[in-house]
Each structure stands twice: as structure tokens, then as C-alpha cells.
Amino acid sequence: MGEHIPIRKGEFLVQFEYFMNDVVQAARDEMTEAGYEHLGTPDEVDKTFKDEGTTLVMVNSVCGCAGGIARPAAAYMQNYETKPDRFVTVFAGQDREATDHAREYFEGYGPSSPSFALMKDGEIQTMIERHEIEGHEPIEVVQKLEAAFDDHCS
């Protein structure tokens, strides 16, 4: 067996912080590689949401259902024939101000991450919340997104 090296509490917290930074960066990269624009500030949220047209907002997180279900479904949606004008993402628990501000636009829906919000001309049209993602297969989320795109995107 390997040698056990004790880690002091402060050292553990630093190591955990480095680990989490890597996890968060990988989750961010996955979304930008899938063609989503990252919104990191309230001003970026306002500018994007107030643009005319449709916007899919993926509220990202580091939980297992985000990595195993929501992000793969989000990436797949770039292939669907009917699409919104924009694909964007905010990161819950990381870009708190941007995420909180985005949630102000999601009238009638509580905070939920991961989740998808479909906006049209700055107003929420529909939302796929965590309870509709967690415990489901990615294809089920894809089908919900496809139905939303068909209903709200031209």
C-alpha cells in the first residue's frame, strides 16, 4: 500500500479548492466547446436577454446530473434543425451575480440548477427544471428541448 501522508486542514482546503477549480473549468469548457456563450456578469445577461429573438439559457452546475444529463443534452441541441437564435450559459454557484440576475428573468420559476430556460424577446417562454433532468435519460431532456424549440423558435 502507498504511504499515508497526513494533510493539515488548511492544506486540504487548498487542495480541494484547486480540485474544484479544475472541475468548474472543465464544466465551463464543455459548454463553450458545445457552442454556448458564457455570461459571467449581470450586464452580459441584460445585453443578451434584451436582444430580440430566442435564447436558450443553460444554467450549469457541477452536480452529476449536469455532467451526465444536462450538458450532453445541451451539446446535442446544436444539431437540431429548429434552433433558438442564441445558446448561452450561466454557472450556478460560480458566477452568482450573473446567475441570480438571469433568474430574475425566469418569472414564475424558482432557482433550479441545472436547468434550461427558453427566452423570447427577453421573456421566459418555458423552463426545464432540475426535477425534469435529474433521474432522467439525456434523450428525455433532448425531447423536451426539441418540443420547446418547435413551439417557440422559428
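Predicted model: local features only at pLDDT ≥ 70, side-chain atom pairs only at ≥ 80, totals over all residues.
Visitor: How many salt bridges does the count come to?

Guide: Side chains of opposite charge can pair when their charged atoms come close. A pair is taken as a salt bridge when a side-chain nitrogen of Lys or Arg is within 4 Å of a carboxyl oxygen of Asp or Glu. By this rule the count comes to three.

Visitor: Arg-28 and Asp-95 meet in a salt bridge; how many residues apart in sequence are the parts this pair ties together?

Guide: The N to O distance between the side chains of Arg-28 and Asp-95 is 2.8 Å, and both residues are buried. Arg-28 belongs to helix H1 (residues 9-33) and Asp-95 to the loop between E3 and H4, so the parts tied together are apart in sequence by 67 residues.

Visitor: Glu-30 also lies in helix H1. Which helix holds Arg-71?

Guide: The side chains of Glu-30 and Arg-71 meet in a salt bridge, 3.0 Å from N to O. This pair ties together parts that are 41 residues apart in sequence, because Glu-30 lies in helix H1 and Arg-71 in helix H3 (residues 64-76). The helix that holds Arg-71 is therefore H3.

Visitor: Which residue forms a salt bridge with Glu-134?

Guide: Glu-134 is partly exposed, at 43% relative accessibility. The closest N and O atoms of the pair are 3.2 Å apart, and the partner is Arg-130.

Visitor: In what order do the five strands of the sheet stand?

Guide: The chain has five helices and five strands, and along the sequence they follow the pattern α-β-α-β-α-β-α-β-β-α. The five strands form an open sheet with mixed pairing. Its edge strands are E1 and E5 (123-128), each pairing on one side only. The order is E1-E3-E2-E4-E5.

Visitor: Over how many bridges do E2 and E3 pair?

Guide: E3 pairs with strand E1 (residues 37-38) in the parallel sense over two bridges; there, Glu-37 has Val-88 as its bridge partner, and His-38 has Thr-89. Thr-89 is also the bridge partner of Met-58. Strand E2 (residues 54-60) and E3 pair in the parallel sense too, and the number of bridges is six.

Visitor: How many residues of strand E3 are buried?

Guide: In a regular strand the side chains alternate between the two faces of the sheet. In E3, Arg-86, Val-88 and Val-90 point one way, and Phe-87, Thr-89 and Phe-91 the other way. Both sets are buried. For strand E3 (residues 86-91), the number of buried residues is six of six.

Visitor: What part of the 154 residues of the chain counts as buried?

Guide: A residue is taken as buried when its relative accessible area is under 20%. Of the 154 residues of the chain, the part that counts as buried is 42%.

Visitor: Is Glu-107, a member of the negative surface patch, buried or exposed?

Guide: The patch is formed by Asp-51, Glu-52, Asp-85, Glu-107, Asp-121 and Glu-123. Glu-107 is placed in the loop between helix H4 (96-105) and strand E4 (115-120). Exposed means over 50% relative accessible area; at 67%, Glu-107 counts as exposed.

Definitions and conventions:
Residues numbered from 1 in each chain as written. Heavy atoms only, no water. Patch = residues over 30% accessible without salt bridge, like charges linked within 9 Å, V, L, I, M, F, W, Y side chains within 5 Å. Areas by Shrake-Rupley, 256 points an atom, 1.4 Å probe, with all protein chains shown as cover. Lys, Arg positive; Asp, Glu negative; His and termini not counted. Charge placed at Lys NZ, Arg CZ, Asp CG, Glu CD. Helix = DSSP H or I, 4+ residues; strand = E, 2+ residues; numbered from the N terminus. Buried < 20%, exposed > 50% of the residue type's maximum accessible area, 1.4 Å probe, protein only. Pairing = 2+ DSSP bridges.
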